[in-house]
Amino acid sequence: MNRFSLSPRRSVPRRPAAGAWLRRWGIAALGLSALAVATSAAHAESARMPAACSALQARFPQFKGKTLVNAINPHTPGYETLDPNDPTRYVGFDIDLGEAIGDCLGFKLTYKPVAFAALLPTLQAGQADIVISDIYATAERAKAADFITYSKVFDGVLVAKGNPKQITGINPSLCGAAAAENTGYVEVPLIQAVAPQCKSAGKAEPEIQLYDNNQNCIQAILAGRADTYVNDVNTVDAAVKAYPDKLQKAIAVTIPYSVGIAVPRGKTDFRDAVMAALEALQSAGLHAELLKKNGLPVANMEAPKLLLAQ
């Protein structure tokens, strides 16, 4: 099977026509030339963007005109979720970023929604070509895929209003608490690592409840089944905004990872093309514009780096 001409197994939202991603995030003077992305008047000074994408399409012609599959877990508002006004399409920063990369390199994207824990297995099985879904790059995950990182990670600790268990972070304040987490999330082993401290203090270990998506974790706290949910701080802030009388953020914590794009191991030409396109988007200021459009902090953005298996 040709990895770069995969078709999803279920109906998925169509990607906008060429240049539509610029229109969607509110930039004027829109459109694409045959090989280059046209920037708006606000970005006229970033002439490198059209030239960079034109050069990249010439350098990586094997991807131009292809339709690739992005595996996503579409339950994270701000990153990837169904459009509340149009359930046939996805919206969010990860969607915009993927389509901008695709426009730069000349390919289109369709989407394969899966559980978070299935993102990398789906990529490994050849059922997707790329994963852009707010996934943290770790050494363990790099055994399954190559990662191109681009953002610092800050987690929020979500609790019920009033923080009845007085949870203050990923620390012994979690002893005896029930933590709702997504299967496969890096926060799971971080919480598990607190257990020895609880045991030595004569306290109960944290209980971890595993769910398939963010919304189920949040609902576990709302229903009183769980005491906390530790995840990306923007996701936690969105939950508090949605339920201000029922939820609050106990604290924000840093964890030693970066957010990344996962691509198949061994497909070094594709990995290099995606990284070069991401660098071009950052240089042109378009990456920052997408973050602003989706209400995400620009300060978290990092220069792209590779995380590969050792």
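## Cavities and how they are defined

On a 1 Å grid over the protein atoms alone, a cavity is a set of points where a 1.4 Å probe fits but cannot get out, and its lining residues are those with an atom within 4 Å of a point. This is a predicted model, in which local features need pLDDT of at least 70 and side-chain atom pairs count only at pLDDT 80 or more, while totals for chains, interfaces and linings use all residues. Residues are numbered from 1 along each chain as its sequence is written, and side-chain values use heavy atoms, with hydrogens and water left out.

A search of the whole structure finds two cavities of 30 Å³ or more, a volume being the space filled by probe spheres set on grid points that are joined across faces, edges and corners.

## The largest cavity

The largest cavity has a volume of about 120 Å³, and among its 15 lining residues Tyr 79, Ser 151, Asn 234, Leu 291 and Asn 300 lie nearest its centre. Helix 3 (93–105) and strand 7 (146–160) each supply at least two residues of this lining, with helices (H or I, at least four residues) and strands (E, at least two) taken as DSSP runs numbered from the N terminus. Strand 7 gives the largest share, four residues.

## The second largest cavity

The second largest cavity, with a volume of about 60 Å³, has a lining that includes Phe 116, Arg 141, Tyr 185 and Glu 187. Strand 6 (131–137) and strand 10 (228–232) each supply at least two lining residues, and the largest share, three residues, comes from strand 6.

Technical notes. 1 Å grid on protein atoms, 1.4 Å probe; cavity = no way out; pocket = protein on both sides within 12 Å on 5 of 7 lines; lining within 4 Å.
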